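Student: I would like to go through this structure with you. Could we begin with the terms?

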Amino acid sequence: MTRTRILLVDDEPGIRLGMRGFLTAHGFDVDEATSLAEAQEAFRTSRPDVAVVDYRLTDGTALELLPRLKDIDASVPLVVLTGHGSIELAVQAVKEGAEQFLTKPVELAVLKVVLDRLVSQRRERQRLLAERSRILRGTVNPFMGGSATIRALQAQAERIIESDSPVLITGETGSGKSVLARWLHEGGPRKDAPFVDLNCAALSKDLLDSELFGHEKGAFTGAVAAKQGLLEVADRGTLFLDEIGDMDSAVQPKLLKVLEEKRFRRLGDVRDRRVDVRLIAATHQDLAVAARDKRFRSDLYFRVSTLILHVPPLRERPEDIVGMAHQFLAELGAARGRGSVGLRPDAEMALTCYAWPGNIRELRNVLERAVLLSGGGPLSRGDLRFEATAGEPASDADDHLTLEELERRHIERILRREHGHVERAAARLGIPRSSLYERLKRLGINRSGFQKPDP
Ligand SMILES: Nc1ncnc2c1ncn2[C@@H]1O[C@H](COP(=O)(O)OP(=O)(O)OP(=O)(O)O)[C@@H](O)[C@H]1O
């Protein structure tokens with residue numbers, strides 16, 4: 001866990017010196033400010049875990065400062081110090097958002113107890129929030145299956161789970177890159193802080209900029225209020241940037257600065273803010289080639305690819321497919337309040353032979369559709385409708401098909417086009433109707449699945 005950071009706001013140098021010496025010796029990081037203006041600035045940029053504020057400052061009192069600090073970040077506990085104990089002052093300070101009130105001269109051991117308690121309460125609150133959303137999400141195991149390929153990925157991932165260096169996850173669409181990113185966060189030292197994900201391909205340059213870095217009020221037309229960026233939200237946690245290869249070239253140098261200096265600036269702001277995030281990025285592109293071809297900044301590429309994990313496509317681990325299918329079918333059955341749906345041998349064979357261009361996402365979809373459309377009982381080959389057969393088959397995917405699978409797909413595509421009409425399908429295929437019936441039987445294709453539903 002990163003060290004606890006305290007912001008001390010007091011205009012007396014001697015008091016600051018004494019407190020700083022004591023707190024630093026006890027493992028805290030300390031930032032200092034002497035006035036209201038400096039305090040707001042430091043609070044914004046140093047992102048303390050607790051702020052300790054003297055009541056009387058050169059340009060005002062703590063009562064003016066507290067609401068401004070709460071506006072910047074309401075989750076940071078505030079401790080107010082005063083020269084004379086006064087109940088009214090204490091009540092007012094608490095009204096303005098102070099968590100604790102101490103009278104001067106402050107007993108340093110007491111201050112430490114108070115700070116430890118406030119910090120651990122804040123961390124516990126953050127942990128509970130993270131825990132609640134983790135339970136809602138349920139963490140998925142990214143290493144389903146026993147193939148050597150997936151075991152090797154697991155071993156690599158376990159070796160780097162404690163590290164703070166950026167990770168680049170590569171792999172085809174739907175192969176489980178996001179699932180792996182979340183697993184790295186949930187199992188790592190930052191698990192009690194937020195996991196924030198952002199898809200760089202889905203946003204225009206301006207939106208990406210303001211989502212990531214936030215903006216000040218009035219930074220652009222429509223910026224009616226200041227907004228925290230996702231970097232701030234992810235502070236002390238993990239920022240997951242999906243499809244980083246599609247990140248706009250104007251945003252790339254700003255991300256590089258965050259990684260190198262751990263600082264960033266909101267749009268329209270003149271000051272830098274400190275931030276502590278672990279970056280996990282994912283891409284389906286070959287980023288090294290993109291960097292070589294100047295489509296992606298090479299300095300950013302080197303920074304984000306300190307550690308690389310490659311998630312294999314499903315077709316490179318065919319021995320895992322049937323096991324995964326049974327697991328998904330058990331989940332699908334349970335979600336419908338039923339037992340697991342079985343798979344007939346011809347269906348298992350078809351699942352194993354198919355090239356899965358959409359990987360695990362496609363496997364789930366094919367099974368979900370089959371469970372919904374089949375009449376119940378174990379699924380057979382005819383219940384499975386592969387996505388690549390919905391339009392033209394993907395040419396790369398065809399390389400992995402057997403002749404029989406290719407025949408099946410072609411027949412299915414024609415049947416779909418002819419809405420299950422055997423005579424017309426046979427004519428298109430250039431074979432007699434009886435021959436098509438024979439093939440449907442041999443390949444386990446159920447033509448009724450292609451008929452147009454009654455209006
Ligand atoms: N190991 C796994 N166990 C269960 N479900 C998985 C697993 N891996 C992936 N999935 C499921 O497959 C789908 C795609 O996974 P994910 O979003 O992680 O893939 P991706 O590689 O990030 O895809 P994209 O590149 O399209 O963003 C999700 O619905 C996810 O829940």
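Tutor: Helices (H or I, at least four residues) and strands (E, at least two) are DSSP runs, numbered from the N terminus. Residues are numbered from 1 along each chain as its sequence is written. This is a predicted model, in which local features need pLDDT of at least 70, side-chain atom pairs count only at pLDDT 80 or more, and totals for chains, interfaces and linings use all residues.

Student: Where does Glu243 lie, then?

Tutor: Glu243 sits in the loop between strand 12 (238-242) and helix 10 (252-261). Its phi is near 55°, a positive value in a residue other than glycine.

Student: And is Glu243 buried, exposed or partly exposed?

Tutor: Glu243 is partly exposed, because 19 other C-beta atoms lie within 10 Å. A residue is buried if 20 or more other C-beta atoms lie within 10 Å of its own, exposed if 12 or fewer, and partly exposed in between, with C-beta atoms placed from the backbone.

Student: What about Lys294: buried or exposed?

Tutor: Lys294 is exposed, because it has 9 other C-beta atoms within 10 Å. Lys294 also has a positive phi, about 65°, although it is not a glycine. Its loop runs between helix 11 (287-292) and helix 12 (298-304).

Student: Which residues does a cis peptide bond join?

Tutor: Lys104 and Pro105 are joined by a cis peptide bond, with omega about -5°. Pro105 is placed in the loop between strand 7 (100-103) and helix 5 (108-137).

Student: Changing topic, what does UniProt list for Asp54?

Tutor: An unreviewed UniProt entry lists Asp54 for "modified residue: 4-aspartylphosphate". UniProt positions are given in the numbering used here, feature names are shortened, and annotations may be inferred rather than shown by experiment.

Student: What are the surroundings of Asp54 in the model?

Tutor: Asp54 is found in strand 3 (residues 50-54), and it counts as buried because 23 other C-beta atoms lie within 10 Å. Not counting residues up to four places away in sequence, Asp54 touches Val9, Asp10, Asp11, Ala62 and Leu81. Two residues are in contact if their C-beta atoms, placed from the backbone, lie within 7 Å.

Student: How many residues surround the ligand?

Tutor: The ligand is surrounded by 18 residues, and the closest are Thr173, Gly176, Lys177, Ser178 and Arg361. A residue is near a molecule or strand if its C-beta atom, placed from the backbone, lies within 6 Å of it. Helix 7 (177-187) and helix 15 (359-373) each supply at least two residues of this shell.

Student: Why does the ligand lie between domain 2 and domain 3?

Tutor: Domain 2 (148-312) and domain 3 (315-450) both give residues to the shell around the ligand, so the ligand lies between them. The domain bounds come from an automatic or database domain assignment.

Student: Which residues have the most contacts inside the largest nonpolar core?

Tutor: They are Ile169, Leu231, Leu239, Ile280 and Ala281, in a core of 38 residues. Strand 15 (residues 278-283) gives the most to this core, with 4 residues. A second, separate core of 33 residues includes Leu7, Leu8, Val53 and Phe101. A nonpolar core is a set of buried Ala, Val, Leu, Ile, Met, Phe, Trp, Tyr and Cys residues joined through C-beta atoms within 7 Å.
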